[in-house]
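Here is a short note to read beside the model. Take the points in order and check each one by eye.

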Amino acid sequence: MRYLKPFVIHRIPLTNVIIARMPKALRPIDFDPVVAEYGPDFWNGRVWGQRFFTFRTSQSRKNSRRNIGVPLNAEFLFYLFLDKKNCDALVGDLEERFHLIHSKFGRRRAQFWYWWQTAISLGPLVGEWGKKKALKPVLAVIGWAVAKGLIGHDGWLAAVVELWKRVRS
Amino acid sequence: MAKGEHLGEFEQMILTTLMLLGSGETAYGMTIHAKVEELAAGLRLVSLGACYTTLDRLEQKGYVRSWFGGATEERGGRSKRFFEITGSGERALKNALSVANNMVTGLREIGGLV
């Protein structure tokens, strides 16, 4: 209903001009002279259905935040070693600071800072991940090997060690 | 103090930071990281990853509690993880700092520290 009126107005020559010159109180509440002239999608870059331009509004800039240059590869590294919630919190913190640095020092320095933080953060994170995830399987394999008698007896491991000693000597 | 309650230097820094930032929704990754960097005064490298792993460890020990907040636009729609020191955390920090204080006092008495 909102856009039907300007459409009708457009089809009747000069009606939009007349309405635009009327006192504001007498105009239809949702009358927009630009919309009446160019159609309901003018602000979306269309004149009566024909696309002519794409506006870069602040909203579209927010939607295309990736254009600012948050390093996706660096971000991805965190997803390898953290669970989703913790990763979101950490990456969100980095991104918050990234935007501060970006606005102050520019894109290159902000990206450098992001990569630097990623590099020094990965050490502790990988260490913790290793303790949680990798240590258990390794201990399980060693335990299995002990139980099977592969370690501590004359099994294949002892033979490999003996071979290594001979090669070295 | 039992052996498991021992706090490392970085853990002490994190707990001190949480006390400085106070309770409520002021202590999250970025503010904690900035404050710890300030406390370290350039004497050690502080990474956000180290802060998070230490905070996780302290939470497992029961010295810290955490919760997730709402998503915000400047963080790309990601939520903040807020932290707060617990009563046992405060006690552990107090014990650790009293030990450090004793050492400083002892050294000052012999003129080791000006």
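1. Start with a term. Helices and strands here are DSSP runs, a helix having at least four residues and a strand at least two, numbered from the N terminus. With that in hand, chain B reads α-α-α-β-β-α along the sequence. That pattern holds four helices and two strands. Keep in mind that this is a predicted model.

2. Next, the inside of chain B. The chain has 114 residues, and 35% of them count as buried. Now take the contacts in chain B with a separation of 6 or more. Residues 24 or more positions apart account for 49% of these.

3. Where do the chains meet? Chain A brings 22 residues to the contact, and chain B brings 18 residues. On the chain B side, the elements that give two or more residues are helix 2 (29-40), helix 3 (48-61) and strand 2 (78-85). Helix 3 of chain B gives the most, with five residues. By class, this side of chain B has six nonpolar, six polar and six charged residues.

4. Turn to one residue in chain A. A:A20 sits in helix 2 of chain A, which covers residues 15-21. Is A:A20 buried, exposed or partly exposed? A:A20 counts as partly exposed because 15 C-beta neighbours lie inside 10 Å. The buried class needs 20 or more, and the exposed class 12 or fewer.

5. Last, a pair to find. A:A20 and A:D32 are 12 residues apart in sequence. In space, the C-alpha atoms of A:A20 and A:D32 are 8.2 Å apart.

How values were computed
Residues numbered from 1 in each chain as written. Chains lettered and ligands numbered in written order. Predicted model: local features only at pLDDT ≥ 70, side-chain atom pairs only at ≥ 80, totals over all residues. Contact = placed C-beta atoms within 7 Å. Nonpolar A, V, L, I, M, F, W, Y, C, P; charged D, E, K, R; others polar.
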